[in-house]
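Trainee: I would like to go through this structure by question and answer. Please show it first.

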Amino acid sequence: MSYNSIPFLIFLGIFLLVFFIVPKNWAKIATIILGNLFFYRVVGGLNQLAIVIAINLVLYIFSLIIYRIYVRGEDEKPIELSKMEEVNYWKAYKKKTVIPSIIGILVIVSVLVYTKIGKICDWPSVHSIAELSFGKILVPLGLSYYTFSSVGYLIDVYKRRITPTRNIFLLFASLTFFPIIVEGPISNYDKLIAQFNNIPKFDYDRFCKGLQRVLWGLFKKMVIADRISIYTSVVFGDVFSYAGAEIVIAAILNVIQIYTDFSGCMDIVIGVSESMGITLEENFKSPLLSISVADFWRRWHITLFEWFRNYIYMPIVQAKLFKRFHKACRKKFGDHLGQCIALMFPSFAVWIITGLWHGTGKDYIAWGLYWATLTTMSNILSPTLQKINMICNFRTESFGWKLFRIIRTDFFYLFSGLIVVTGTKHGFHGFLYLMQQLVAEARIWKLFNGDIYTYGFTQADAEIVFVGVLIIAFVDYINTKNKRVRDLIAEQPIVLRWTIWISLIVVVLVLGEYGPGYSAAEFIYKGF
Amino acid sequence: MEKSNKASKKNKILKIVKTVIFLLIIGFVATRLTYLFRNTSYDRNHITGIKTEKDIDVVCIGASGTFTSWEPFRAWEDYGITSYNLATNSITPPLLKSYVKYAMKTQNPDLYIVDLRQIGNSDADTMLGHEGGIRNGIDSLDVSLLRIECVNDCFDYYSSDTSISSMDFWSYYFDIAKYHTKLNSLNEISLKNINNNMPSTDKGFEFVHMYYQYLQEPDNQTDKIGELTNRNKECLVELLQFCKDSNLNVLFIVTPGRIAKGGMTIYNAAGKLVEENGFRFINCNEYYDEIGLDFSKDFYNAGHCNVYGAEKYTDFMAKYVKEYYDLNDHRGDPEYSDWDEYLVTAKEKDKESKKCVDDAVNKVNMAHNNNMQLKNINDIASWIYKADSDQNTILVTSRNSVIKSTYMPWRVSNSSENMIRIFIGDSEVYSSDVELDSPYTSTIGSNELSYTINCGQGIVLNIGNENYSFSNDGTYITVFDNNYNEVVDIIRIYDKDGRTVMEHL
């Protein structure tokens with residue numbers, strides 16, 4: 001039951017109906033839990049739910065253990081303490097929470113680590129817990145998403161940023177919340193629980209806007225992403241059989257496919273939640289219009305990179321050892337270069353983990369190193385490039401310059417895609433061979449003699465993708481101006497806005513890639 | 001305060017109204033898109049056409065056996081009965097009840113004639129295997145609760161079939177999922193079907209003149225009562241119960257065809273069940289003589305009448321229903337004058353169709369006459385010229401010899417019943433029918449005789465009960481008359497003293 005399938009839409013219709021009919025907040029939460037269980041049963045299998053329940057219990061128990069220690073601290077706190085004394089007082093209590101925090105995090109992370117090790121060791125995967133034994137792996141639906149969120153929740157409790165919930169059902173509802181369990185966004189459970197505690201009443205405009213966003217997501221996924229996958233799956237499936245020009249086209253389309261697939265899914269997920277009155281974190285902010293690598297990763301899969309920043313990057317940067325190292329680097333290499341060199345370490349750590357999160361092969365480690373090198377070099381060379389710009393008198397505020405920077409950033413992303421295509425999995429040798437294929441076997445005429453339309457991706461498909469991408473680019477551009485296209489549409493006369501939405505429904509119905517004859521492509525970010 | 005409450009209430013009502021209107025528009029657009037993208041075929045027209053008919057006396061429900069046999073224009077001409085064939089190809093048993101219900105939505109006929117030909121379907125039949133037949137029916141019905149019920153019935157019937165994917169499953173309910181890819185093949189006819197109410201030009205009847213097959217009357221008469229499979233029995237019981245509950249006049253029949261004895265026992269069982277429930281049952285395959293069917297002329301294949309057979313069947317059946325059911329004669333009634341107009345055009349079509357069948361019969365007879373002369377021809381080129389007919393199957397076999405291209409000027413068409421197959425040693429080097437699974441065994445002729453070619457030590461050809469052994473030298477060409485189901489001639493061609501020799505076996 002994929003988010004773009006008929007059964008999901010039927011399920012969603014029934015779920016929303018019940019959700020809005022039941023009057024009390026607890027009943028709405030019960031509806032959410034039942035909906036989650038049903039969804040998980042159909043998509044993941046109920047036996048995999050045991051792992052989610054186990055993680056939920058661990059999270060619940062350890063968060064309360066940590067919290068109790070702090071409560072005791074609160075009870076035992078002397079009335080009059082100076083600021084310094086209070087800091088030291090809490091440090092002592094924080095130390096007491098270290099062990100339960102570490103145990104909790106290790107238990108929660110262990111399943112994810114085990115599956116990652118299993119993948120690296122090529123262990124056979126099984127479908128149910130009953131078949132699970134050492135040397136076999138089970139990858140429960142949405143494992144990495146709820147693991148990351150759970151770890152974040154526990155660390156926040158440990159750092160006294162939040163008060164954990166005592167209601168295990170609320171925690172369970174958040175952990176298994178069906179819109180986010182498959183592909184995220186990696187949510188902040190505390191914020192989610194706060195919203196579940198006070199679910200707003202049905203609001204017609206919000207409900208409509210949520211569904212409009214779902215429709216937009218379906219358009220991106222079914223009309224654009226799945227259509228492109230016809231071409232990219234063929235070319236990347238046997239990349240060395242194709243001409244360089246065809247691979248370049250596949251690489252460009254691959255960028256659009258990943259973006260429309262993942263952001264389309266997020267639109268559906270956020271739209272569904274919005275219609276219920278639940279606000280989720282945004283995961284994309286028009287990333288293909290980014291002007292630099294750093295900007296790109298601030299706008300692409302935002303929740304994942306925020307999680308890495310908050311729970312990996314920042315703890316490293318704030319560690320005493322790192323601060324000493326940072327100081328030493330600055331002393332030796334100067335302020336700018338020293339800082340860049342020092343920050344290389346947390347940056348490389350984050351990027352390698354990001355690579356391993358995407359996949360367990362060497363190609364994904366190479367992918368992580370590629371981005372780590374790129375961001376580091378970008379930092380190091382930033383002042384030099386600024387100087388060059390000044391010397392050459394480039395008009396850095398002009399549209400042309402911005403466009404150049406956008407294309408350059410997208411190219412970096414495009415190139416990273418080539419690192420992980422089939423074929424380069426054979427290692428550096430495979431990657432070099434691919435580069436040679438791009439140059440020596442370019443055969444540019446293949447783009448013009450109609451050959452690229454012979455792999456199932458027709459000229460009509462290409463035209464649909466072209467027009468679709470223009471529309472998406474336009475909508476993204478408007479969004480960068482801090483406006484929402486759907487808000488602009490909502491301001492139009494009823495005939496015009498209804499025409500727009502009905503046209504979009506027709507486009508999805510007619511041009512969407514679904515139904516028998518298509519093997520509906522899974523969402524790319526499902527399965528992490 | 002009261003004013004603001006009123007305004008809020010008004011606002012709420014307005015939003016509800018807007019939502020309902022929006023949903024109605026979406027529903028309307030989605031339904032029209034569904035109709036637009038569906039297949040356009042005569043099957044669909046048979047379903048949609050009944051909506052445009054008025055005051056139909058007899059609705060004939062069934063599969064292709066029905067729409068090729070019952071001629072509404074003839075029933076009108078002879079008895080003043082208005083009738084319509086609500087029938088689609090390869091109908092599956094659960095659809096029969098749905099079709100009755102569908103007919104009831106737009107007509108109030110005096111009689112339903114339900115063809116139970118399909119009630120003998122095997123339990124091994126799968127939904128996937130019958131997809132065409134099922135979709136001919138359900139994907140022609142209006143988007144409605146009846147259609148959903150109809151799909152449910154089909155899934156119940158094929159409940160043991162687990163091979164249906166989730167997407168296939170849902171596409172039966174939302175058939176736009178199946179057809180939306182046909183954007184490039186939309187045409188003017190698709191647009192005409194956008195409201196799913198395209199009329200049927202011949203009241204659901206199809207003039208069959210394209211094909212003709214020479215058949216022999218089967219030896220199938222038996223009183224033995226066989227056994228309906230559980231799911232077929234359940235289907236029939238449900239149908240009978242529905243007809244009883246709805247107080248309908250229904251005549252259950254089996255349309256004529258070349259039915260085997262085993263099949264007849266199943267129909268006997270069905271007939272018994274029908275009669276036990278108080279309805280009449282006629283298996284037309286018990287009345288070949290009374291109907292006057294000539295198997296050598298009246299069929300276009302083993303399962304279907306051509307226009308000659310249809311004429312005889314309609315005469316027989318119309319007379320029967322007139323005699324046993326209270327049907328009014330509307331001839332001369334000005335309200336039915338459109339039927340007189342239809343009669344004129346239908347008779348013209350009937351005449352043309354019969355001429356086509358006559359031509360086909362002549363062709364078969366001519367081929368047979370040619371075949372009779374083959375044994376007297378001793379020149380290879382002349383022999384091949386005579387044998388080369390699309391009414392024959394040609395089997396060329398050679399153990400060791402190279403088959404010379406001069407032996408291969410055949411023009412036999414690419415069809416399972418008119419084919420040429422060439423074997424050298426253990427391998428088949430050519431077959432005009434690319435869909436055959438096994439190169440060494442298949443069926444030929446209108447009687448579907450099985451044949452086997454064994455290319456082991458020597459070549460052995462088995463056709464039906466006949467065995468032919470060929471030596472290892474030379475090329476053997478066997479000519480089989482597909483219509484008369486017999487081997488007409490076999491020749492051996494070999495080289496002797498530097499010259500090519502041909503001999504008849």
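Trainee: Which side chain does the side chain of B:S83 join in a polar contact of 2.8 Å?

Mentor: This is a predicted model, in which local features need pLDDT of at least 70, side-chain atom pairs count only at pLDDT 80 or more, and totals for chains, interfaces and linings use all residues. Residues are numbered from 1 along each chain as its sequence is written, chains are lettered from A and ligands numbered from 1 in the order in which they are written, and side-chain values use heavy atoms, with hydrogens and water left out. A polar contact is a pair of N or O atoms within 3.5 Å; within protein, one must be able to donate a hydrogen and the other to accept it, and residues adjacent in sequence count only if both atoms are side-chain atoms. At 2.8 Å, the partner of B:S83 is B:W70.

Trainee: Is B:S83 buried or exposed?

Mentor: B:S83 belongs to strand β2 of chain B, residues 83–87. Helices (H or I, at least four residues) and strands (E, at least two) are DSSP runs, numbered from the N terminus. Buried means under 20% relative accessible area, exposed over 50%, and partly exposed in between, with a 1.4 Å probe and protein chains only. B:S83 has 0% relative accessibility, so the residue counts as buried.

Trainee: What polar contact distance joins the side chains of A:S263 and A:K220?

Mentor: A:S263 sits in helix α10 of chain A, residues 244–276, and counts as buried because its relative accessibility is 2%. Leaving out residues up to four places away in sequence, A:S263 touches A:I258, A:F284 and A:K220, where contact means heavy atoms within 4.5 Å. The polar contact between the side chains of A:S263 and A:K220 is 3.1 Å.

Trainee: How far is B:V344 from B:F73, C-alpha to C-alpha?

Mentor: B:V344 is part of helix α15 of chain B, residues 337–373. With 58% relative accessibility, B:V344 counts as exposed. Along the chain B:V344 and B:F73 are 271 residues apart, yet their C-alpha atoms are separated by 8.8 Å.

Trainee: What is the relative accessible area of B:N462?

Mentor: Strand β13 of chain B, residues 459–463, holds B:N462. Beyond its neighbours within four places in sequence, B:N462 has contacts with B:S450, B:Y451, B:T452 and B:N467. B:N462 is partly exposed because its relative accessible area is 22%.

Trainee: How many helices and strands does chain B have?

Mentor: Chain B has 505 residues, and 52% of them are buried. Of its contacts with a separation of 6 or more, 74% are between residues 24 or more positions apart. The secondary structure of chain B consists of 16 helices and 17 strands.

Trainee: What is the radius of gyration of chain A?

Mentor: Chain A has 20 helices and 0 strands. For its 528 residues the globule rule gives 24 Å, and the computed value is close to that, so chain A is as compact as a globular protein of that length. The radius of gyration is taken over C-alpha atoms, and the globule rule is 2.2 Å times the number of residues to the power 0.38. For chain A the radius of gyration is 25 Å.

Trainee: How far apart do the centres of the positive and negative side chains of chain A lie?

Mentor: Lys and Arg count as positive and Asp and Glu as negative, while His and the chain ends are not counted. The place of a charge is NZ of Lys, CZ of Arg, CG of Asp or CD of Glu. Chain A has 52 positive and 36 negative side chains, and the centres of the two sets are separated by 8 Å.
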